[in-house]
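User: Please take a close look at the charged side chains of the structure shown below. I would like a connected account of how they are placed and paired.

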Amino acid sequence: MQHFYNSDLGQILALDPNQTYAAIPVICAMLEIPHASQIKRIKAHATLAAGLRQLKVPNLDGEDERQACLRIDLIPLWAAGLDPNSVSAEAAPIVQALSSEMASVLWQSFRPQAFETNDQLLPNRWEQTQAEVAYRGALAVANLTREQMLLERQLTADVEAREMGGMSAEIEANAVLLARTVRRVAQVVGERSRRNEYPAIFDGLYRQWGITTYRRMPHARLNEALAWLERWYGDALGEPEPMPDI
């Protein structure tokens with residue numbers, strides 16, 4: 001147990017990377033937590049409950065029996081909500097360390113622009129190593145990618161709603177404009193290059209403006225970002241002409 005914080009979560013919980021569900025009673029036994037209360041907590045959480053199933057899996061004795069199992073991709077979310085004060089004295093510092101690291105990862109992904117780091121995962125920007133700088137940049141690109149994906153879904157939903165005579169919820173105009181432009185550039189250039197152009201665009205947006213979300217693009221610099229995308233589009237195609245309307 002003392003090596004939990006410095007080890008891979010899946011390895012400590014004996015999770016097979018190819019499995020889809022993990023038995024909550026088995027995991028709780030490893031963490032020295034009563035499983036009944038955890039199953040109740042999972043059922044009360046809409047996201048976690050959607051991934052809960054009764055499946056026939058090996059128990060601690062290696063014998064197959066039906067147990068409450070949680071979808072493997074939801075294990076980190078469940079683990080982040082564990083209360084260190086509710087577990088054994090031996091497990092408490094381990095759960096606390098896990099919770100702190102989960103909070104740190106979430107903060108790095110969603111923190112507002114201009115906030116400096118003040119967590120256990122990364123030091124202040126001026127104290128970061130090259131590896132830490134690379135990690136921070138990778139998180140930013142991942143967050144922009146996720147936001148583009150969600151905004152494209154929203155844009156599609158808006159179009160479908162208008163075709164049906166209705167309207168979906170309004171989303172921020174600047175973020176939508178950036179998402180539309182990024183999608184158009186990525187699609188048109190990608191057709192010519194035969195590559196996925198999204199990563200290069202997201203990396204450029206982060207390097208140029210340091211944003212990890214479209215919603216943090218300063219309004220005064222929005223046209224600058226759009227002009228950069230237009231230049232990027234023209235350079236990629238080898239054509240000086242302006243980008244097509246979107």
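Analyst: Asp61, Glu63, Asp64 and Glu65 gather in a patch of negative charge on the surface. A patch consists of residues with over 30% relative accessible area and no salt bridge, like charges being joined within 9 Å and nonpolar side chains (Val, Leu, Ile, Met, Phe, Trp, Tyr) within 5 Å. Asp and Glu count as negative and Lys and Arg as positive, with His and the chain ends not counted; each charge is placed at NZ of Lys, CZ of Arg, CG of Asp or CD of Glu. Accessible areas come from the Shrake-Rupley method with a 1.4 Å probe, and for residues only the protein chains shown count as cover.

This is a predicted model, in which local features need pLDDT of at least 70 and side-chain atom pairs count only at pLDDT 80 or more, whereas totals for chains, interfaces and linings use all residues. Residues are numbered from 1 along each chain as its sequence is written, and side-chain values use heavy atoms, without hydrogens and water.

Helices (H or I, at least four residues) and strands (E, at least two) are DSSP runs, numbered from the N terminus. Glutamate 65 is partly exposed because its relative accessibility is 36%; buried means under 20%, exposed over 50%, and partly exposed in between (1.4 Å probe, protein chains only).

Glutamate 152, in helix α7 (residues 130-163), is buried yet has no salt bridge. Its nearest side chain of opposite charge is arginine 183, 4.6 Å away, and a salt bridge requires a side-chain nitrogen of Lys or Arg within 4 Å of a carboxyl oxygen of Asp or Glu. Leaving aside residues up to four places away in sequence, glutamate 152 touches Arg183 and Tyr198, contact meaning heavy atoms within 4.5 Å.

The whole structure holds four salt bridges. One of them joins glutamate 197 to arginine 195 (3.3 Å, N to O). Glutamate 197 is buried at 5% relative accessibility, whereas arginine 195 is exposed at 55%.

Another links aspartate 203 and arginine 207 (2.7 Å, N to O). Both residues lie in helix α9 (residues 198-209), four residues apart, about one turn of the helix. Aspartate 203 is partly exposed, at 29%, and arginine 207 is exposed, at 66%.

Glutamate 224 also forms a salt bridge, with arginine 221, their closest N and O atoms being 2.8 Å apart. Glutamate 224 is partly exposed at 36% relative accessibility, and arginine 221 is partly exposed at 33%.
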